[in-house]
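My entries follow in the order I made them.

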Amino acid sequence: MLLPLGGAGVVVGFAWRVLTAGGFGANIGAGLTIIFGGPLLAVPLTAAAVAALQLHLTRARRNGSNSH
């Protein structure tokens, strides 16, 4: 679960670096980062959510709880 979250942190860090980069003229990198960064960020966040849900369900079954 932590590995996909680390990947999401790398994507956010890269996007922040591109979005705050100084330069002259149009910043085409910012637009491309916004367009492609969202879907690219959704992949590791979805993977982490699925892993967390599986972990929760596994622990609930092992403890005999019906809290899901």
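This is a predicted model: local features need pLDDT of at least 70, side-chain atom pairs count only at pLDDT 80 or more; totals for chains, interfaces and linings use all residues.

Entry 1, Thr33. I looked up what Thr33 touches, leaving out residues up to four places away in sequence, and found Ala15, Val18 and Gly38. Contact here means heavy atoms within 4.5 Å. Thr33 is found in helix H2. Helices (H or I, at least four residues) and strands (E, at least two) are DSSP runs, numbered from the N terminus. Is Thr33 buried or exposed? Thr33 is buried, because its relative accessible area is 14%. Buried means under 20% relative accessible area, exposed over 50%, and partly exposed in between, with a 1.4 Å probe and protein chains only.

Residues are numbered from 1 along each chain as its sequence is written, and side-chain values use heavy atoms, with hydrogens and water left out.

Helix H1 covers residues 2-19, and H1 packs on H2 at an angle of about 170°, with axes 9 Å apart. The axes are lines fitted to C-alpha atoms, for helices over the stretch in contact, and angles run from 0 to 180 degrees between N-to-C directions. H1 and H2 are therefore roughly antiparallel. The cut-offs are under 35 degrees for roughly parallel, over 145 for roughly antiparallel, 65 to 115 for roughly perpendicular, and oblique for the rest.

I then listed who meets whom. The H1 side includes Pro4, Leu5 and Ala8, and the H2 side includes Thr33, Gly37 and Pro44. By class, this contact has 16 nonpolar, 3 polar and no charged residues. Ala, Val, Leu, Ile, Met, Phe, Trp, Tyr, Cys and Pro count as nonpolar, Asp, Glu, Lys and Arg as charged, and the others, Gly among them, as polar.

Which residues of H2 are buried? I found Ala30, Thr33, Gly37, Pro44, Ala48 and Ala60. H1 is part of what covers them. I also found a kink of about 40° at Gly37, shortly before the proline Pro39. The bend at a residue is the angle between axes fitted to the seven residues ending there and the seven starting there. After H2 comes Gly64, with a positive phi near 75°.

Gly31 counts as partly exposed because its relative accessibility is 31%. Its C-alpha atom is 9.7 Å from that of Val18, 13 residues apart in sequence. Thr46 is partly exposed too, at 47%. Thr46 and Pro4 are 42 residues apart in sequence, yet 8.6 Å apart C-alpha to C-alpha. Leu55 is partly exposed at 38%.
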